[in-house]
Structure formats: C-alpha cells, structure tokens
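Take a look at the protein model below. This report goes through a few of its parts in turn.

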Amino acid sequence: MIEQVCRKERQYGMKIREIAETKRKAKEWFASYTADYDMEDPKIALKAVHTYHVAELCQTIAESLALNEVECMAAWLSGLLHDVGRFEQIRRFNTFSDADSIDHALLSTEILFGTKEDASCGRIRQVILDPSWDIYLYKAIKYHSAYRLPPDLSEMEKTYCQILRDADKIDIFRVNLETPMEDIYNTTTETLKQAEVTSEVLQAFKERHAVLRALKKTPVDNVVGHISLYYELVYPKSRQIALSQGYLLRLAEFASENERTRKVFEDIQTQLQEDIENGSKK
C-alpha cells in the first residue's frame, strides 16, 4: 500500500515537472518568435505584455473551473499563443484593426498550424510535442476574437474557447488604461477627445452585449466597445477578476471634451455601476 502511494506521488511529481518543462519551452519559443519584431514599437511591446497576462489569466480561470493540471496547462498555452498573428499584422499594416488589414486570429492559426495548402509550415510542434491538444488550441485561438462561437463545438472545445475569450477581454481593460489609446486606435488625442459615440454602438451597450466591429465608426466607439466586453464574460471568476482589478470602471470614466459624449459616458457609468451592484451582466 505504501509502495503504491509512493508510486502515485512519483508519477504526480513527474507530471508536474513535465508541465513546468512544457511551459518553460513554450515561453522560450514565444520569446524567440517575438525577437524578430521591434519591441521599441509600442504596439508590439503591448502585445508581448498582453500575451503573458492572458496566459496567466487563462490558468487562473481554468483552475477556478477545477480543471486538472494538464488541462490548466493547455488553457495557459492557448493564452500564450492566441495573438502570435498580431505581431505580423502590426509589422505589415501597423494597425490592430482586422477590418483594415487581416484576420489576426486566422493568421495566428496559420503560423501555428499551417495553411490548408501546406500544414507542414505550422510551428506548433516547436511549442508542444503532444498533438492531442491541437484541436483545442486551434479552435480556442481561431475563435478567441469572434463575435460568437460556432454551435458545433464539443463541450471541452467550448470550455477552452470561453476561458481564452474571458482572459483576453479582462486584459483588454488593462491595456486600454496602461497604453495610450492613441497608439491602440491609430488616432490623435484631439480626434479621440472630440469624437462622438455612434448610436448603434451605444444601443449595443444598453442591450448589454458586445459591439459588432462593423458598427464602430469613430475612435471613441472602440472605448464603448471594449467596456461592453464585460457583459460577455462567461465565468464568475472572470467577472471577479475584472472588477477587482479596477480597470473596467476607470475605462468607463473616459474624459471626453465633447459635451454629448461626456453625457453618454455618464450614462454608461450609471448603467455599469447598477449592473455590477445588482450582480447582473446581461
């Protein structure tokens, strides 16, 4: 009996060491991959920092769902890999706007898993040797920025997708406060401060759901769109983290120089605060 217990402990310890080694190698790969990009570019730098934040948030959310250690590692990996396409997007187009450039989530999957024409060009085996996680990583990364998830996902595929989507949204609140919005949205301070919120964007916020990209017409629409991501958070732990960090409510305090926009943000703050106090997200 004692021998069996010791064996289980050794096997458990080996598993933990393997997980730690997988994470170490994945971090090394990501550092090597991003070394080809200009970290002096604020957009590149913020995406590198964002990546590490999202990976840790994925781990935390996965743990809150009582996933096992290996499943939590897979969730962490999805966070580390989800935005690899952003770096090339920025280098080619100098924008985070998929509409004005390329679908960054699709580009991420092509970098990692190859294209339909040539799957061999994918780099995922440089990150993790075990192919059994590919389907979960692929779908989580592919759909992390989609407006809605497809209905045909398996239960575990959906879980990994939701973990990554929640983690990404939580850190977007931080990015909008710690990085000049002018850099994020490719605009000037004057344009941002004078812009008005498009009525369709405001209506989406009032309906308590995410804003379709196609509805965003002005720089300040992006601010409202990012605040509305709160209503899309799936897991209680995600909402807890988002609120405890404080970035969400600070983002809603956006200081516009446009009188109509100031009034809009006062209404946004009121609705958001009431929903938080009532424990409502939708």
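## A covered helix: α4

A residue counts as buried when its relative accessible area is under 20%. The model here is a predicted one. Helix α4 spans residues 84–93, and seven of its 10 residues are buried, so the rest of the structure largely encloses this helix. Which residues of α4 are buried? They are Val84, Gly85, Arg86, Phe87, Glu88, Gln89 and Ile90.

Asn94 has a positive phi of about 55°, although it is not a glycine. With 40% relative accessibility, Asn94 counts as partly exposed.

## Helix α8

Helix α8 takes in residues 155–178, which makes 24 residues. From first C-alpha to last, α8 reaches 35 Å. That is close to the 34 Å expected at 1.5 Å a residue. Is α8 mostly covered or mostly open? It is mostly covered, with 19 of its 24 residues buried.

Gln162 lies in α8. Its relative accessible area is 14%, so Gln162 is buried. Beyond its neighbours within four places in sequence, Gln162 is in contact with Leu149, Val234 and Tyr235. Arg174 also has its place in α8. Arg174 has a relative accessible area of 7%, so this residue is buried. Not counting residues up to four places away in sequence, Arg174 touches Val49, His50, His53 and Tyr247. Arg174 and Ile141 are 33 residues apart in sequence, and their C-alpha atoms are 20 Å apart in space.

## The largest pocket

How much space lies in the largest pocket? About 1200 Å³. The lining of this pocket has 40 residues, and the closest to its centre are Phe96, Arg213, Lys216, Asn222 and His226. The elements that give two or more residues to the lining are α2 (42–64), α8, α9 (181–185) and α12 (219–227).

Helix α8 returns here. It gives the most to the lining of the largest pocket, with six residues. What classes of residue make up this lining? It has 15 nonpolar, 12 polar and 13 charged residues.

## The nonpolar core

The largest nonpolar core has 83 residues. Those with the most contacts inside this core are Val223, Ile227, Phe265 and Ile268.

Now follow one of these, Ile227. Set aside its neighbours within four places in sequence. Ile227 is then in contact with Phe173, Phe205, Leu248, Leu251, Ala252, Phe265, Ile268 and Leu272. Two names on that list, Phe265 and Ile268, are themselves among the residues with the most contacts inside the core.

## The loop between α9 and α10

One more loop is worth a visit. Asn186 is found in the loop between α9 and α10. Asn186 has a positive phi of about 55°, although it is not a glycine. Is Asn186 buried or partly exposed? At 40% relative accessibility, Asn186 counts as partly exposed.

Thr187 lies in the loop between α9 and α10 (189–194) too. Thr187 has a relative accessible area of 17%, so it is buried. Leaving aside its neighbours within four places in sequence, Thr187 is in contact with Glu182, Leu192 and Pro219.

Technical notes:
Residues are numbered from 1 along each chain as its sequence is written. This is a predicted model: local features need pLDDT of at least 70, side-chain atom pairs count only at pLDDT 80 or more; totals for chains, interfaces and linings use all residues. Side-chain values use heavy atoms; hydrogens and water are left out. Helices (H or I, at least four residues) and strands (E, at least two) are DSSP runs, numbered from the N terminus. The expected span of a helix is 1.5 Å times one less than its number of residues. Buried means under 20% relative accessible area, exposed over 50%, partly exposed in between (1.4 Å probe, protein chains only). On a 1 Å grid over the protein atoms alone, a cavity is a set of points where a 1.4 Å probe fits but cannot get out, and a pocket is an open set with protein on both sides within 12 Å along at least five of seven lines; lining residues have an atom within 4 Å of a point. Grid points are joined across faces, edges and corners, and a volume is the space filled by probe spheres set on the points. Ala, Val, Leu, Ile, Met, Phe, Trp, Tyr, Cys and Pro count as nonpolar, Asp, Glu, Lys and Arg as charged, and the others, Gly among them, as polar. A nonpolar core is a set of buried Ala, Val, Leu, Ile, Met, Phe, Trp, Tyr and Cys residues joined through side-chain atoms within 4.5 Å. Contact means heavy atoms within 4.5 Å.
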